[in-house]
Amino acid sequence: MASIARRLLILATALGGAALSAPAAAQNEQFIPILSYRTGPYAVNGAPYANGVVDYYNLINERDGGINGVKILIEECETGYATDKGVECYERLKSKGPTGAAFINPLSTGITFALTEKTAADKIPIITMGYGRADSKNGAVFAYNFPLLGTYWSAADIAIQHVAKELGGFDKLKGKKISLLYHDSPYGKEPIPMLQVLAQKYGFEFTPIPVTHPGVEQKSQWLAIRQHRPDYVLVWGWGVMNSTAIKEAAAVAYPRDKMIGVWWSGAEPDVTPAGDQASGYKSLMLQHGAGKFPAHADIEKYVYAKGKGSTEPGKIGEVLYNRGITNAMLGVEAIRKAQEKFGKQPLTGEQVRWGLENLILTDARIKELGFEGMLKPVSISCSDHEGARYGRVQQWDGKGWKVISDWYTADESLIEPLVADVSAKYAAEKKIKPRDCAKET
Amino acid sequence: MIALGQFLEVLIGGLMSGVLYSLVALGFVLIFKASGVFNYAQGAMVLLAGLALVRALDLLVANGLPLWVAVILAIGFAAVIMAATAWLIERFVIGPLVNQDGLTLFMSTIGVTFVIEGAAEMIFGSDVYPLRLFPTDAWFLFEGLFPGGILVNKLDVWGALIAGVLVAGLAVFFQRTKTGRALRAVADDHLAAHSIGIPISWIWFVVWLVAGLVALVAATVWGTKLGVQFSITFLALKALPVLIIGGLTSIPGAIVGGLIVGAGEKLAEVYLGPSIGGGIEYWFAYVLALAVLLLRPQGLFGERIIERV
Amino acid sequence: MLYREAGQFKATYAEDMAIFPIRQDRIALAVLLGIAFIGVPLLATFRIWPFGTDYLLWAILLPFLILALAAIGTNILVGYCGQISLGSGAFMAIGAYSAYKLATGVHIPLAWLGFAIAIPPLPVLASILLGGFMAAGAGILFGIPSLRIKGLYLAVATLAAQFFFDWAFLRLPWFTNYAPSGSVNAPELDFFGMVVRSPVERYLLCLAVVTVMAVLAKNLVRGNLGRQWMAIRDMDIAAELIGIRPLYAKLTAFAVSSFIIGVAGALWAFVYLGSWEPLAFSIDRSLELLFMVIIGGLGSIMGSFIGAAFILIVPIMLNVIPTKLGLPLSTQTITHLQFIIFGSLICYLLIKEPHGFARLISIGKEKLRLWPFPY
């Protein structure tokens, strides 16, 4: 009950010593809004991610005094994973700070869809690292969307590559049965077109199985799986749906090591509620996994030692926390890149967009940043807003995540036609004239 | 033979998960019966009870108490929390709203839902807390008869047993105890009950308390199934059709309604789902409830609504 | 002393039966409409406080207007006709998706008959209105059970509509034109060559629609039909005995209400969200609308506006104020506090005035008439 007492204490001091003076607005600050969800059905996964993001920005301020001297100013807004609240938060925060929002990061595929048009009109980049709309990889059409490090189509391809490897080759996929258990929302539906393409190419039988939001009731889906006996079940869940899927799989005795989750279904809160039943469960990795790296040491030294950390020290290094700091790091590096061109001052969203589009992180730079081992090189360009298409597979052994595979690279020859096709459709619908990427510098 | 085995498996699984819905629906029925309040907050009360239970349990176990002592103490703590909640709700919301129409009362319970959700998460935390009171693995019955056997989840069986005990307990409470009989009198006509000296606000407190304890029981089962977390509040929406089919005022109705809804939606999902798109259990229970209401507007076991001009 | 009707003589029945028989009310309304139609757009165009940013227009006024329209629709059904509905969100969705289908062209192949129903893409305004009519049709269909089922049982029965349509728009790819993600994009808002893009234009469009609809609704509830609805609401058996046909009265209420809600849904999708998924019209939306009409006042058009403003703005205020004050609270705590305070406020309002803000205002008016004398 220690944490309860702490909460009450914080609340009491907060109410007691409410300082009415708003902090004076400094001019040399770069404003970054944070759309987070720490309450509601998806808080379990939303909170560790947001903690990572906040801690990394604090690290930059505390250790480096900002980005080249430009302090980062952050404000959080609670979306509860609801689209309309996300839109309200975006409108509330987009023009704060001296230059407005540097970029926005909604952590919800639904909010991403709703904001895609607005951010383009407001000239604010929208970073959707490992989620968002897969067709937005095409920067010619989606000038302001950045689905960094991997889209769901890359994820689908990597998952099938891993299945093929376990089976002993792509030719072994023929005649196999692969089911997709997905969150019935734009998020869960995104991989389906890619998996259909893959099913046709490799000749496996693909069955999508929807689970209704928020995914607390999955008995009939798993009874159907028990009867259908697929060779693999891909899990595209979020929040409570993931742990429920693992428990139901255990209940129908479906082998957990034949389940492969997407990178949003492979964090600690997804497996711990299932206890021992989760042993053997596998998931994709958005490059990084769990564990501490040099960047974490800095966070502990400069942020937590000063009592400015946003979570319990024991949770530093969890999968979603690491995703949060990776995401924040990419944003900060984009601003740094943009400062090279536009000067060391607060930048507008449009300027940061240039930084994002020209961001190149080499192995050496990643090591310098303290992310060695978490990340492979990233290279973003006008025609490729994804920047990298790597992934690995990890397995839960009952206590921790273990990396069990080498690096995979998603097959661009399969994804590219789909991206071109769907983004062209969007361009026609919205009357967008695609940029000519050859002319961009 | 395989087809029959699979059918039985889905049927049994459905009936069992229906009983789990009934556990939540029972709380609704109790309150509606005694005070005419359609209590939307029941789902939030399950969350509150579960959080209180699991947090206290974790703390006690961490302090080195043996598990069974910790369980008893934690259940006691959660029960005290539910009693406090019941008192607050009766004192500050339902009491002042006496004699308002059903819609106003219903909306006020949605207000209560917000308060409980906010307070429960603020005090006890908004993480996911695993609870392991019951086994969650499965039996495979008749493996000789059907290939693969018929799968029955042990947690579901526990849930069904608990629901049975609970209903029996409630029946005894309503039929045999003085408070129980007073409750039935208030349910019939609260003005008449008041005039013969039954303390109405005490009775309403007792009803909310009993509903809170039913929520606690539901929380032990659902918390084991899902882990105690915010999503448990969505159970309220799963329980609504159960309660409408059974009738808002009938305790056995809640159980029968649960069985019908559970079996109906699982069979529909498994056998009709693939041909029309999947996910139909999302609405199937409600359409089933609508169909039942068209035949019997007061539900299967509800009291007939007699209107006078 | 300002609010007194002494000296305002009415010489004809028409004057006596006007919507606003008191001059001061007419002036107040004219001022309000003046501010809404001229003041706000001017301030917004020249970016004068509080319209320095788009926030007020985009995130407050636009959703307020659209939700107020939906609340008027809900109020007609719940407040005037007494039929509790938890399916308003579904009717918004029907309006939105029908309008989307009509605006992008409908193609229904009837293979067994050897031809296909093909409707070319319609203009946006026609799509939005037809979306409303589609919602009205669905409303009539799901209103039929109301002839047999009453009260809270009906409320739960209308949830069947809510969940069924949630599912249909999510699962049947035809409705979303086979979009891979199931999320759809609104077409360009082209009104006979005039393209609505900026927040001010969007605001004016919604304001115009809401004003027209509100005037129509107000007149409808004052007329024959409205009186039939109210008779049914107050006691359906008695209404039937004096010659009101429950079938006709209830189904017209469902149709009119669903039409308005459907138009609101189409506006919500096309004008406010621009890109949406069925979750935008979930059960939460239905409950929110029901709250708006109950907090605002059942059976009051003006109450719908006040209720919409309250339910929309109070949570945002509760969320923003602690940050503005610089309270050192985490986002999490603020949100939890917001839930607690908002829930308590609702309970408090329901206890203090179960008939909503509309009743408070009419009490206020009565007092103002007598002021400064208590008699």
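Here is a short chat about this predicted model.

Colleague: I'm new to this one. What does the domain assignment give for chain A?

Modeller: Keep in mind that the model is predicted. For chain A the assignment lists domain 1, made of 27-151 + 290-388 + 431-439, and domain 2, made of 152-288 + 391-420.

Colleague: And what separates the centres of domain 1 and domain 2 of chain A?

Modeller: Taken over C-alpha atoms, the centres of those domains of chain A are 26 Å apart.

Colleague: Switching topic, what does UniProt place at residues 31-399 of chain A?

Modeller: An unreviewed UniProt entry has the feature "domain: Leucine-binding protein" there. In the model, that span of chain A is 42% helix and 15% strand, and its end C-alpha atoms lie 39 Å apart.

Colleague: OK, now chain C. How many residues of chain A are in contact with it?

Modeller: 38 residues of chain A are in contact with 33 residues of chain C.

Colleague: Which elements of chain A each supply at least two residues of that side?

Modeller: Among them are α1 (2-16), β2 (71-78), α3 (83-93) and α15 (412-430) of chain A.

Colleague: And how does that side of chain A look by class?

Modeller: The side of chain A that touches chain C has 16 charged, 13 nonpolar and nine polar residues.

Colleague: Let's go to chain B. At what angle do helix α3 and helix α8 of chain B cross?

Modeller: Their axes cross at roughly 140° and come within 8 Å. That angle is why α3(B) counts as oblique to α8(B).

Colleague: Is the crossing left-handed or right-handed?

Modeller: α3(B) passes α8(B) in a right-handed crossing.

Colleague: Which residues make the contact?

Modeller: From α3(B), they include Ala79(B), Met82(B), Ala83(B), Trp87(B) and Glu90(B). From α8(B), they include Trp204(B), Phe205(B), Trp208(B), Gly212(B) and Leu216(B).

Colleague: What's in that contact by class?

Modeller: The contact of α3(B) with α8(B) has 15 nonpolar, three polar and one charged residues.

How values were computed:
Residues numbered from 1 in each chain as written. Chains lettered and ligands numbered in written order. Predicted model: local features only at pLDDT ≥ 70, side-chain atom pairs only at ≥ 80, totals over all residues. Axes fitted to C-alpha atoms, helices over the stretch in contact; angles between N-to-C directions. Helix = DSSP H or I, 4+ residues; strand = E, 2+ residues; numbered from the N terminus. Parallel < 35°, antiparallel > 145°, perpendicular 65-115°, else oblique. Left-handed = near helix turned anticlockwise from the far one by under 90°. Contact = placed C-beta atoms within 7 Å. Nonpolar A, V, L, I, M, F, W, Y, C, P; charged D, E, K, R; others polar. UniProt positions renumbered as here; feature names shortened; annotations may be inferred. Domains from an automatic or database assignment.
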